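Welcome! Please take a moment to look over the chain below, and then we will walk through some of its features together.

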Amino acid sequence: MITVRHVLFVFLHYATYTLLNCLSVKDQMYENIIANNPCFLRLNGTNQFGCTSSRFGNVGTLHLVTNSTDLDWLFNEGKADPYTVALTPKMFNREVLQNIELSTKVNGIMLLMNGTEQEVINNDNLQKNGFSPEDTCPNRYSDVNSCPMKPWNPYGTDILLKSWSFPIFLVYDQNTIKNIIDCFTNNNLPLKNQNDQSLCALELKSHMYAAVDSKTCLRRTMMSYQNIRPIKFCDPLGDKNVYWSLKELRPNTPNQSIAIVAARLDATSMFQDLAPGALSTATSIVTLMTTANLISEMLSYNDASNFSRNVMFILFNGEAYDYIGSSRVVYDMLDGNFPNDLIKLNKSHVGMFVELSQIHYDKEVVFYRPMKHNASDDVQNFMETFTKSLSDDGFSVTESKSTFIPPSSLHSFLKLDPKFPGLILTGFNDQFKNKFYHSILDDAENIQYNNDSTISKTIANISTSLSYSLYKFITNSNYNGLKQANSSYVTKLLDCYVKSMNCEIFQSLTSPLHLPDSPPNYYVSIDMITNTLTSLSRLLFASFGSKLISKVQNEEKCLYYRTKQGFVPVWLRGNYNACYSTTSNVTDAVSPAFIIPDYDLSSSEYSTWTESVWHEVQIRMFLRQSLKLQIIIFVLGILVFLFSFIIVKKMYDQSGIHFNNQEVNSVTNF
């Protein structure tokens, strides 16, 4: 006869077994998806942009969308909502995202970029039509002029500057994409009567703490500091500007004696850790670095010291977000702190400002300048020398007829002085040639880069002509030497700035330190972090024409070595393995909005961009049970619940008999 005691024993045995194996059951229920690139939340003084999930994640039934028919079925016939949509590249566009936003059925999106299925890897539509998530006029609210009738970025979709109500993840791993498609195919097809079958579902977690705008999230952070456990909601965007000069900068610098050659050091995209910026940024950096290296060989430090003029190369950071780096330089100039409070350069010291922007592989260079009919002699002489040199190499060199200045760091200086002697050298006329501006597709393929590519030769020619023009600015005479930029050196630099930071040139400066074997991420990040590429660019500058400090034999002593004014000590590892005195240094690239007391963050004078803090990024795939099975489980749960009451009642009623008998027997046996 089965007694209550037997039932209790069996119940406790299986309960213990279940508890001990609960973790393995959980692991069997969920499959973690490799997806480390979520769309994340950024804010400025008035709005928020990007994506976030709910606090505990967004769950939805998986639906693969490869064409408009799949999307129409989801909107009109899908009954197993909410859904998580897996989009192929050709379906990832503004129109589709807006339709999904208007629908109440979608809880999240995954973009499948590199799959093994033909419909996933077919990017012909994107390659043909272009894809830029940026605005058609980037930084339109911080430029000195309005957006022209023909917008600068004709491929812009503006989705980078929208606040989406669902999380968006990018998935690159081929095996992961295959598993996602297999899960959909094996469980969610056929699409009819989805409620009668178990369905493949996804849980997307990318909850962002910040909300509303930068002003609100910073205020909440300050208020939380009064608590025992403060919470940070967001961080200001920022990093460092990097500069190098042919000879040291001095406090008594003559007016109009410095030529500044500038480029931007950052790019951006929708997704975390993916901002390749090949044509948006990298080609201009490589052109600038090649020029700096060549001019240091054409004019040694001792030769350059014989002239009163100097050239300064600078990489501005955070320019994608309302010109963070260049606006900070202008602010520091006005405050007497650029590059530091001893040298104190200002706009009157600048005789010419030349900016490199989107250098293209085509043999075409276009000038933009704000003062077309009133250019300074230095700017006019530079243009003549540069144009003649490049034309001799078969380039088309023209000056844009546009009265507008394209998005560039020059805008920060023109705000200070509309007559600032600046010009921009670009690879486009009137509109960007770059179809993937600030996109994840702006990579090596976008600049048609290979080990013997046209882009290397093009950059070498531009750098040579630029060096000759700078030589004339400094010496007031033409260069008669034989030195030219080497295309093989340009190729090595492109390897570093486009393909992998674990490249030959960077290794020669840093080994045995391990560098990431991946393309650089050009996103500026937050002000508390110095990006790896920023530090590497500074070391690269330091390798140009610097002086060896032979009496310093270790890195620690090099750090504290006192050089003469205008120089700083830098220890170069790798092939150098020594201490050098260099003019290479950094300045803050954090918006003045975050250092000015009581600054009105709703003002557009300075950049007010921040990045939200988040806790966890995760995607899990699992089977969501059918509606019928869920009802059965619910009913069984109620029955088990009622049955447990019967057992407890039975045990309670017979407790006196069983436990009293046990007590009597124990006493009798004693």
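## A briefing on the chain

Tyr580 is buried, because its relative accessible area is 14% (buried means under 20% relative accessible area, exposed over 50% and partly exposed in between, with a 1.4 Å probe and protein chains only). This is a predicted model, in which local features need pLDDT of at least 70 and side-chain atom pairs count only at pLDDT 80 or more, while totals for chains, interfaces and linings use all residues. Residues are numbered from 1 along each chain as its sequence is written, and side-chain values use heavy atoms, with hydrogens and water left out.

**The chain as a whole**

- The chain holds 19 helices and 23 strands; helices (H or I, at least four residues) and strands (E, at least two) are DSSP runs, numbered from the N terminus.
- Along the principal axes, the C-alpha atoms fill a box of roughly 115 × 65 × 50 Å.
- Of the 670 residues in the chain, 52% are buried.
- Among contacts between residues at least 6 apart in sequence, 79% join residues at least 24 apart; contact means heavy atoms within 4.5 Å.
- The chain exposes about 31400 Å², and carbon and sulfur atoms supply 52% of that area; accessible areas come from the Shrake-Rupley method with a 1.4 Å probe, and for residues only the protein chains shown count as cover.
- The mean positions of the 54 positive and 61 negative charges are 3 Å apart. Here Lys and Arg count as positive and Asp and Glu as negative, with His and the chain ends not counted, and each charge is placed at NZ of Lys, CZ of Arg, CG of Asp or CD of Glu.

**An open sheet of 8 strands**

- Follow the order E1-E23-E9-E5-E6-E7-E8-E2 and you will trace an open sheet with mixed pairing; two strands pair if DSSP finds at least two bridges between them.
- At the edges are strand E1 (31-32) and strand E2 (37-38), each of which pairs on one side only.
- Helix H3 (residues 68-76) packs on the sheet, where it touches strand E5 (58-65), strand E6 (83-87) and strand E7 (106-112). The direction of H3 makes about 140° with that of E5; axes are lines fitted to C-alpha atoms, for helices over the stretch in contact, and angles run from 0 to 180 degrees between N-to-C directions.
- Helix H7 (residues 174-188) runs at about 90° to E5 and lies across E1, E5, E7, strand E8 (168-171), E9 and E23.
- Strand E9 (residues 199-205) and strand E23 (residues 618-624) are antiparallel partners joined over 7 bridges, and Leu199 stands opposite Arg624 in E23.

**Strand E5 inside that sheet**

- E5 is largely enclosed by the rest of the structure, because 7 of its 8 residues are buried.
- E5 and E9 run antiparallel and are joined by 4 bridges; Thr61 stands opposite Ala201 in E9.
- E5 and E6 run parallel and are joined by 5 bridges; His63 stands opposite Val85 in E6.

- All 7 of the 7 residues of strand E12 (residues 258-264) are buried, so E12 is largely enclosed by the rest of the structure.
- In a regular strand the side chains alternate between the two faces of the sheet.
- Both faces of E12 are covered, with Ile258, Ile260, Ala262 and Arg264 buried on one side and Ala259, Val261 and Ala263 buried on the other.
- E12 pairs in the parallel sense with strand E13 (residues 310-316) over 7 bridges, and also in the parallel sense with strand E14 (residues 350-357) over 5 bridges.
- Val261 has Phe313 as its bridge partner in E13 and stands opposite Val354 in E14.

- Tyr580 lies in strand E20 (residues 578-582). Leaving aside neighbours within four places in sequence, the contacts of Tyr580 include Ser546, Leu548, Cys558 and Val570.
- Gln358 lies in the loop between E14 and strand E15 (364-368) and counts as buried because its relative accessibility is 5%. Beyond neighbours within four places in sequence, Gln358 is in contact with several residues, among them Leu279, Thr283, Phe428 and Tyr437.
- Asn480 is found in the loop between helix H14 (454-475) and helix H15 (487-499). Asn480 is exposed, with a relative accessible area of 72%, and its C-alpha atom is 9.3 Å from that of Tyr468, 12 residues away along the chain.
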